[in-house]
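Have the model open in your viewer and keep the selection tool handy. We will go from one chain as a whole to single residues, and then across to its partner.

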Amino acid sequence: MTRDLINLLFFPAGLGLIAAGLLYQWVDRKLLARFQNRLGPRWFQPFADALKLLGKEEIHPAGSSAFLFAALPVLALAGALTAALYVPLFGLAPVFSFPGDLIVTLYLMSLLTLCIGLAGAQTRDRFSLAGALRVFTQMFAYEAPFILALLSPAVALMLAGQPSSWQIGELVLSAAGQPWFLLTLPITFVVALVGLMGKLELPPFDAPEAETEIVAGALTEYSGRGLALFSLARAVELVVGLTLVTALYLGGIGAGPLAAVLFTAKTIGLLLIVVVLQTLLARLRIDQTVNLWWRLGSVLVLAQWLLLLIFRVLR
Amino acid sequence: MDTITTQSPPRWRTMLDRLRNWSLANSPWLVHYNSGSCNGCDIEILATLTPRYDLERLGVKLQGSPRHADVLVCTGPVTRQSADRLRRIYDQMPEPKFVVAVGACSISGGAFRGCYNILGGVDEVIPVDVYVPGCAPRPEAIIHGVAVLLKKLQPDRAEEIDRLLVEAGAVVGEEEGIDEPNAELLGAR
């Protein structure tokens with residue numbers, strides 16, 4: 001009971017997770033700045049940003065529902081924090097687990113995007129509306145390939161006749177006994193990683209919050225606490241997404257503290273790749289994003305699954 | 001923010017206030033509005049935000065939405081047309097908020113003072129916290145203006161901020177030195 005509470009509130013989920021998310025965000029911003037030949041922010045920058053936003057006035061814009069305006073940020077953060085309970089954070093066993101939690105986690109991760117979209121759609125500001133439209137369009141673009149890519153390791157294990165499961169805790173244990181799925185399923189790994197960037201609205205998929213076109217996208221009207229909760233939810237989602245991709249594609253989780261350190265190092269390595277991609281690629285227009293995912297992303301995933309089936313038949 | 005209290009506030013209250021001031025001073029997000037400037041100051045502000053000076057290392061970020069911003073950076077004199085817009089942007093910002101007026105025109109109207117379509121400086125419309133003189137002020141002057149604002153927020157860290165400015169190559173404490181020749185000049189007249 002006490003152990004559950006500590007797990008839930010402090011470590012690995014809860015406050016510890018939020019702090020880790022803010023640190024990951026700092027790594028992201030610092031590396032991006034270094035790649036752009038700048039010095040970059042100090043290590044406590046995301047903490048100062050979040051604290052400042054929490055301490056500011058929250059303006060409720062006229063014409064939107066007061067209840068939804070206050071509830072959506074809370075729901076977004078709750079969704080991200082709940083999704084974190086089922087993934088092996090920092091290489092430790094998931095806090096909670098039940099059969100089928102892989103699917104539930106993927107849907108919980110979408111809750112943040114849904115909440116941001118709804119938050120934009122229910123204010124009367126034109127920039128919020130344009131941003132919300134783009135959030136939903138982008139979601140329908142990357143969501144299917146992303147989910148299929150994250151389900152691929154389980155399907156591959158099933159087709160190979162190995163012990164497989166829709167339960168993340170069991171799946172990552174059996175993945176630990178296999179060669180890295182990064183090597184055996186390289187195509188879906190790339191789709192999963194790039195899909196994660198789409199989910200987090202990182203460049204080149206930052207059309208929903210394109211500053212030069214639509215101010216701040218769906219969150220234009222948010223100030224103070226609402227904005228702080230959304231940015232915390234983004235930070236948590238960054239950790240959860242990196243953890244999930246690492247656990248499924250980079251060798252699952254091992255036992256002991258050293259394995260946990262190694263796992264965390266792997267997530268930072270993935271973050272490095274994500275930052276390099278952010279630096280290299282310019283923002284895509286929303287129609288280019290949709291084209292990329294439906295013409296290329298989903299076809300690539302299906303090709304990988306076809307390859308799996310062919311190997312299965314030949315064997 | 002200023003409240004009149006008859007007794008000193010409880011300890012947790014001062015602690016929270018210090019924490020809030022610390023986070024405000026370490027993460028000032030800007031929104032930039034040009035109420036009739038010739039664009040000279042705007043270009044200097046953009047130069048201040050480029051990698052050459054990299055204000056993100058101090059937590060400064062340029063935001064698009066006034067709802068996300070803490071500091072309104074104004075340039076240029078206020079024209080009669082833009083006065084309403086300037087006031088509306090100021091009203092859209094959440095408390096606590098600060099205004100920095102950059103350039104001679106935003107202080108007094110500058111070269112445009114007395115024109116039929118000019119109201120005057122920014123402080124004709126909204127309260128201003130820091131004035132940065134110059135036509136156009138160099139990026140160093142704008143950074144110094146922001147540092148003055150930060151010193152106002154955290155008076156007990158003023159010396160540290162001064163030291164950081166000196167390390168960055170600024171000459172601090174010359175305000176008195178500037179005043180003296182002016183006094184002599186006036187006396188001579």
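Select chain A and colour it by burial: 46% of its 315 residues are buried, where buried means 20 or more other C-beta atoms within 10 Å of a residue's own, exposed means 12 or fewer, partly exposed is in between, and C-beta atoms are placed from the backbone. Bear in mind that this is a predicted model, in which local features need pLDDT of at least 70, side-chain atom pairs count only at pLDDT 80 or more, and totals for chains, interfaces and linings use all residues. Residues are numbered from 1 along each chain as its sequence is written, while chains are lettered from A and ligands numbered from 1 in the order in which they are written.

Now switch to cartoon view. Chain A shows 13 helices and zero strands; these are DSSP runs numbered from the N terminus, with helices being H or I of at least four residues and strands E of at least two.

Next, look inside. Which residues touch the most other members of the largest nonpolar core? Select A:A76, A:A80, A:A84, A:A192 and A:V236, out of 86 residues in that core. Such a core is a set of buried Ala, Val, Leu, Ile, Met, Phe, Trp, Tyr and Cys residues joined through C-beta atoms within 7 Å. Its largest share, 17 residues, comes from helix α11 (residues 225–249) of chain A. Stay on A:A192: leaving aside neighbours within four places in sequence, A:A192 is in contact with A:F146, A:A149, A:L150, A:V245 and A:Y249, a contact being two C-beta atoms, placed from the backbone, within 7 Å. Apart from this core lies another, of 38 residues, including B:Y33 and B:C74.

Go on to helix α12 (residues 257–280) of chain A and pick A:L277. A:L277 is partly exposed, with 15 other C-beta atoms within 10 Å.

Finally, show both chains. The contact takes 27 residues from chain A and 17 residues from chain B.

Colour chain B by pLDDT, the predictor's confidence in each residue from 0 to 100. The mean is 79, and 84% of the residues of chain B reach 70 or more. Over residues 174–189 of chain B the pLDDT is below 50, and this stretch has zero contacts in the model beyond near neighbours in sequence.
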